[in-house]
Amino acid sequence: MRSEVIHVHTGDREVVLDLTAQCEQFVASVYAESVRSVSGLLHIFVPHATAGVAILETGAGSDDDLLAALKDLLPTDDRWLHRHGSAGHGRSHVMPALIPPYATIPVLDGQMALGTWQSICLVDLNVDNPDREVRFSFIASSGTSDR
């Protein structure tokens, strides 16, 4: 297994941050180091209690729609028992139950097998923590690829 951590700055606002290019770079580096065709699984993991990984279309409003839906589902009011940090901070701790902190993508012959409009995104509602780590891990298959 090959694994690498990247650091991303999400800033002081809720964000859906597209990580697809970084995932592609990681897969390309694995492919470049291999003496054979690379197929297997790319696993993306965010080691934070207040962030998640989502696969969705970006750039056409879906990322803003996701943030709006999460605001409806998880309002920034005082209902949350977990109360330290900014107003509504407890909602950030509930979000990973809806958007898990991981995703796994098939890689076939060095290419992520995403759909045409799919992007891999970090979802971060926690305005109190502007810096995140994201771990990419590649687990190579032992057999041949099956496109």
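An open sheet of 3 strands, in the order β2-β7-β4 and with antiparallel pairing, is present in the predicted model. From one strand to the next, the twist averages 30°, where axes are lines fitted to C-alpha atoms, for helices over the stretch in contact, and angles run from 0 to 180 degrees between N-to-C directions. Strands β2 and β7 run antiparallel and are joined by 4 bridges, with Leu 17 standing opposite Leu 122 in β7. Two strands are taken to pair if DSSP finds at least two bridges between them. Helices (H or I, at least four residues) and strands (E, at least two) are DSSP runs, numbered from the N terminus.

Residues are numbered from 1 along each chain as its sequence is written. Because this is a predicted model, local features need pLDDT of at least 70 and side-chain atom pairs count only at pLDDT 80 or more, while totals for chains, interfaces and linings use all residues; side-chain values use heavy atoms, with hydrogens and water left out.

The protein chain contains 3 helices and 8 strands, which follow the pattern β-β-α-β-β-α-α-β-β-β-β along the sequence. Its C-alpha atoms fill a box of roughly 55 × 25 × 20 Å, taken along the principal axes. Of the 147 residues, 40% count as buried, where buried means under 20% relative accessible area, exposed over 50%, and partly exposed in between (1.4 Å probe, protein chains only). Among contacts (heavy atoms within 4.5 Å) with a separation of 6 or more, 82% are accounted for by residues 24 or more positions apart.

Another open sheet comprises 5 strands in the order β1-β8-β3-β5-β6, again with antiparallel pairing. Its edge strands are β1 (2-9) and β6 (111-112), each of which pairs on one side only. Strand β3 (residues 40-45) runs antiparallel to β5 (residues 102-108), and 6 bridges join the two. Within this pairing, the bridge partner of Phe 45 is Tyr 102, and that of His 43 is Thr 104. Strand β3 is also joined to β8 by 6 bridges in an antiparallel arrangement; here His 43 stands opposite Ser 137.

Helix α1 (residues 20-33) lies across β1, β3, β5, β6 and β8 (131-140), running at about 155° to β1. The 14 residues of α1 reach 20 Å from the first C-alpha to the last, close to the 20 Å expected at 1.5 Å a residue; the expected span is 1.5 Å times one less than the number of residues. Thr 20, Cys 23, Phe 26, Val 27 and Val 30 of α1 are buried. Seen down the axis of α1, the buried residues fall within an arc of 125°, so they line one face of the helix; the arc is that of the directions from the helix axis to the C-beta atoms. Gln 25, Ala 32 and Glu 33 are exposed on the other side of α1.

A nonpolar core is defined as a set of buried Ala, Val, Leu, Ile, Met, Phe, Trp, Tyr and Cys residues joined through side-chain atoms within 4.5 Å. The largest such core has 22 residues, and those with the most contacts inside it are Cys 23, Leu 42, Ile 44, Met 112, Ile 120, Val 134 and Phe 136. Two or more residues are given to this core by each of β1, α1, β3, β4 (51-56), β5, β7 (119-124) and β8. The largest share, 4 residues, comes from α1. Leaving aside neighbours within four places in sequence, Cys 23 is in contact with Leu 42, Ile 44, Met 112, Ile 120 and Phe 136. A second, separate core of 13 residues includes Leu 56, Trp 80, Met 95 and Cys 121.

Lys 71 is located in helix α2 (residues 62-73). At 43% relative accessibility, Lys 71 counts as partly exposed. When residues up to four places away in sequence are not counted, Lys 71 touches Glu 14 and Arg 91. Lys 71 and Gln 118 are 47 residues apart in sequence and, from C-alpha to C-alpha, 22 Å apart in space.
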